[in-house]
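Subject: The structure for you to look through

Dear colleague,

I am passing on the structure we spoke about, and below it I have set out what was found in it. Please keep it open beside you while you read, so that you can find each place as it is named.

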Amino acid sequence: MTPTNQEHMEKRYWLIRAKLRVPRQQVSLVPRPHLLSLLDEALGRGLALVVAPAGFGKTTLLAQWRESLLARGTKVGWITLDEGDADVHQLIVYMIFALAEAGLEMGALEKVAEQGDIAPRVALASILECIAKADSKIVLVLDDYHRLDYEPVDHFIDDLIAGCPPNFTLVINSRNRPALNLPHYMAAGQAREIGPEQLRFSREETRAAVDAAIDDAALDILFDRTEGWAVAVQLARLVVRGDYNGAGGIGKFHGHSSHIATYLTDQVVGNLSDDIQDFLIKTSILERFNAPLADAIRESNDSWDILKRLEPLHALLVPLEDASEWFRYHHLFAECLEDLLRRRCSGAEVNALHSRASLWFEQEGYVSEAVRHARLAGDLDRCAHLIEEAGGWELILFGGIGYLRNLLRNIPERDLPRFPRIQIARSYLALKDGEIRLARAYLDAAENNPLGPDAQMVDRPGFGRDLLNIRLLMESYEDRLNHPDWPRHYKALEARISPADGVTLGVLHCIGAMHYLANGAFNEADAACREAMRSMRMANSVLGLNYAYLHAGLSAFYQGRFQLAEASFWEAYRLAEDNFGADSGLKFLASILLSALFFWRGGLADEARQARLSAAFDYVEKYDGWLDIYATVLDIHSFSKIGDQHPSICHDAISRCARIAEERGIVRLPSLVEAHLLLTGGEDRDDKELMRLAHRLERQFPVGCWKKESFAWRGYQVAGQALAFYYEPHDRARAIVIAGDLVECCRGIGARFHLIQALILRAILLDRAGDRAGGLTDILAALEMAAPEKISQPFLVHRSIQPLLRAAQKHGRAEVVDMLTQSFIGECLEALKARNGCVSGGEVEMFSPREIEVLEELSQNLSNKEIARALDMTEHTVKFHLKNIYKKLGVERRAQAIAKIRSRNIVI
């Protein structure tokens, strides 16, 4: 992206702030205390519903109620909805900003909303949490809800109402009853509804609204004809006080919709001067307008003067800003004007108005509205061009996922084949939404466009570049990272890219890092990450830099360099929080990887950390995630389950990842899921099913498979562990061979973290086979690697490791083992005691940690002198501990104690 385009992206307005402000009323306001009281009754009920056709004064009433609420200290947010908000993501964004403008502390949610990188379920929980923390009542008004008409939005609103705290009320203003679970809300007393009959003006309210000297006879006629319809009464005020046929016009006035439309056309607009009629009709194409915009579409310079002359029509002209520079028409009036537009102007003339509006919005930096009017003008070529100039797919790299989502809605699905570059942008958006198969379909369609050279923009500069970037990103999400000659291909691609193109270089290096990680080439991955960081900084893409840190952290993690991994993950976490907010997808990704560090360093006992991991997994299940992320979640799930720790941390992780694998086509994930299924015991599968699963995994991951296919290394680590434990009970020799090959694999590629696990696995198997010396050698090697990085969890998963750890502790006293490792062994043993207990049955609390050490040595029938030497004690101290042990066991002599220890299996 050129600097010019980047500056342009920074000047983008896809959120219309005027929608968050209450339209100022320029009509005669009638006090309606009885209706305000009804609305007051809705406070704390969850939902207040105001439903009536257009013109019944719904918005005016709610604006009055808002003023009364503000006077009482209630915080009130407001959103004037339009058709563009029929998207859950966009609606959530406006809700966050509306509540923030009302004075509610939304924290980092505002940053998330600004980018549009928002997960509805997570955002909803965060919004409700912010509301619940408020020290006042909170009201949120959704004005013109009928304009949405989108089932997912209704479902979201149902969830919002179901979870709303006692201090919150949602107000929905709509022309028709929304498709919500209203019967339930009404029956449960959660909702209050105000309908057209309650909104109608009474006779005296009609007099007050007209605000003129009108006799009782005329008032009776007016009340009868308007039927209490607020907008009709306000229009009648124009008749009574203005020059529209005088008071006698009342007799011709009717309140039904067909009559009101005729009246507006013939009596109001028809009596205006030609230039004012021209102004009204042409500006009716606009959702909102100001004088410069009106000048632009009318190709004139008198719009401000005309706006001043429209004072008699203020009942139909709604100011959107305090400075009264932006306006919209009353919706009923706008519909009538649009009808006039269709009757008086040709389609070509209307398209020209939209085209001029599009040009003005583009020049002023309102790209979303520029694209919208280009669409209404039927100029999809211009829509595509504007989206491309705004940044296209790159908007996501610069934190504009919501912006891109908003823009792409303007090009209908059926027209996408005409615009391959837009298909590419749509492909990347689908990737970020977790719809990988859909993303692939869009990308393939762009690359193999059936329209060939006739398709728009294929030959424009940038198409090939876009295609390269998204093709690379697609490879990473699909996990197609086993290119037969990646290093040479990587260098060839790098040579094709301009050194000034930081974005493409950054993407290439990030994907390069992922290729190397997938194939166990960690030094090369580290180098690619450094290049990615350099390129993303050059492109000024914080989001891209964030991913580079995540990949760098993963490389350090696999190499067992946990301190470096932690620094990288925390940097990614802070970048995400500072730039994209507390609930951004990037922060969830970093949370998962940080959770893995916490877990492998001793567990996730902290409930707050468990909650963060659970929320992060919910996000990556639905949105952005790739193989390493899902593999990390599976590891935490399975090894915590094996060790009987926090079994619900990643609830149903295996079945959820299986569904992700099926839906997204991630290459290595199905085999990882099966490996974890076997590792955890098959989740209620019978022996025959487990046997078939084991045979299937062994065919896919035979011993030595990593030598022929480096891409297999990651799955082999889990599959090998699962197969070794599966075969151990009936074919221990086979299990030891598998464990040995895992050790060789990890040493060969430098995966020190997995080497620790493989050494522990082989140590346990050798010890069970009677080779304590071999097991001790492996366990000491694992301990020496794990100790500096405090990687304790692999030693805490299997309770049968305790004798080996005791042996290692004794060996350390007899041989020269560094103090760091010695201390680490002690910490692991203490953790095992605290977690699992070091003695069996109800005798867990009987013995002190030092007594347990003496018990284990005693069970080996060692003398007091040998016990003293093994445990660095004096013989006197050994005798003291033995005296206490005999007493607790209820024996008097050594032989009795040893027999009881062995018969009751006290020492694990």
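This is a predicted model: local features need pLDDT of at least 70, side-chain atom pairs count only at pLDDT 80 or more; totals for chains, interfaces and linings use all residues.

The pockets

With that numbering in hand, we can start at the second largest pocket, where the largest share of the lining, four residues, comes from α7. This second largest pocket holds about 800 Å³ of space and is lined by 29 residues, with D87, H89, Y150, R405 and D433 lying nearest its centre. The elements that give two or more residues to its lining are α4, α6 (120-133), α7 (151-163), α22 (401-408) and α23 (420-432). When the lining residues of the second largest pocket are divided by class, 15 are nonpolar, three are polar and eleven are charged.

The largest pocket has a volume of about 1000 Å³, and of the 41 residues that line it, D82, E83, R147, E287 and R372 are the closest to its centre. Two or more lining residues are given to the largest pocket by each of α4 (88-101), β7 (327-329), α17 (331-344), α18 (347-363) and α19 (367-376), and the largest share, six residues, comes from α17. Which classes make up the lining of the largest pocket? It divides into 14 nonpolar, ten polar and 17 charged residues.

Helix α17 is also the place of E338. Is E338 buried, partly exposed or exposed? Because its relative accessible area is 31%, E338 counts as partly exposed. Although E338 and S284 are 54 residues apart along the chain, their C-alpha atoms are separated by 5.9 Å.

A covered helix and a buried aspartate

In helix α25 you will find D466, which is buried because its relative accessible area is 4%, and the cut-off for buried is under 20%. Leaving aside neighbours within four places in sequence, D466 is in contact with W393, R421 and I424.

A covered strand

Strand β1, residues 47-51, is mostly covered, since five of its five residues are buried. Both of its faces are covered, with L47, L49 and V51 buried on one side and A48 and V50 buried on the other. β1 pairs in the parallel sense with strand β4 (residues 168-174) over five bridges, and four bridges join β1 to strand β5 (residues 191-194), again running parallel. If you look at L47, you will see that it stands opposite L170 in β4 and opposite A191 in β5.

The nonpolar cores

The largest nonpolar core has 275 residues, of which I157, I779 and F795 touch the most other members, and the largest share of this core, twelve residues, comes from helix α31 (residues 585-600). Not counting residues up to four places away in sequence, I157 touches L91, L142, Y145, L170, I172 and L180. A second, separate core of 28 residues includes A42, L43, V171 and W229.

The cavities

How many cavities of 30 Å³ or more are there? The count comes to ten. The second largest cavity has a volume of about 150 Å³ and is lined by 15 residues, of which L473, Y477, I511, Y547 and H551 lie nearest its centre. The elements that give two or more residues to the lining of this cavity are α25 (463-478), α27 (502-518) and α29 (542-558). By class, the lining of the second largest cavity has twelve nonpolar, three polar and no charged residues.

With best wishes

Terms used. Residues are numbered from 1 along each chain as its sequence is written. Side-chain values use heavy atoms; hydrogens and water are left out. On a 1 Å grid over the protein atoms alone, a cavity is a set of points where a 1.4 Å probe fits but cannot get out, and a pocket is an open set with protein on both sides within 12 Å along at least five of seven lines; lining residues have an atom within 4 Å of a point. Grid points are joined across faces, edges and corners, and a volume is the space filled by probe spheres set on the points. Ala, Val, Leu, Ile, Met, Phe, Trp, Tyr, Cys and Pro count as nonpolar, Asp, Glu, Lys and Arg as charged, and the others, Gly among them, as polar. Buried means under 20% relative accessible area, exposed over 50%, partly exposed in between (1.4 Å probe, protein chains only). Two strands pair if DSSP finds at least two bridges between them. A nonpolar core is a set of buried Ala, Val, Leu, Ile, Met, Phe, Trp, Tyr and Cys residues joined through side-chain atoms within 4.5 Å. Contact means heavy atoms within 4.5 Å.
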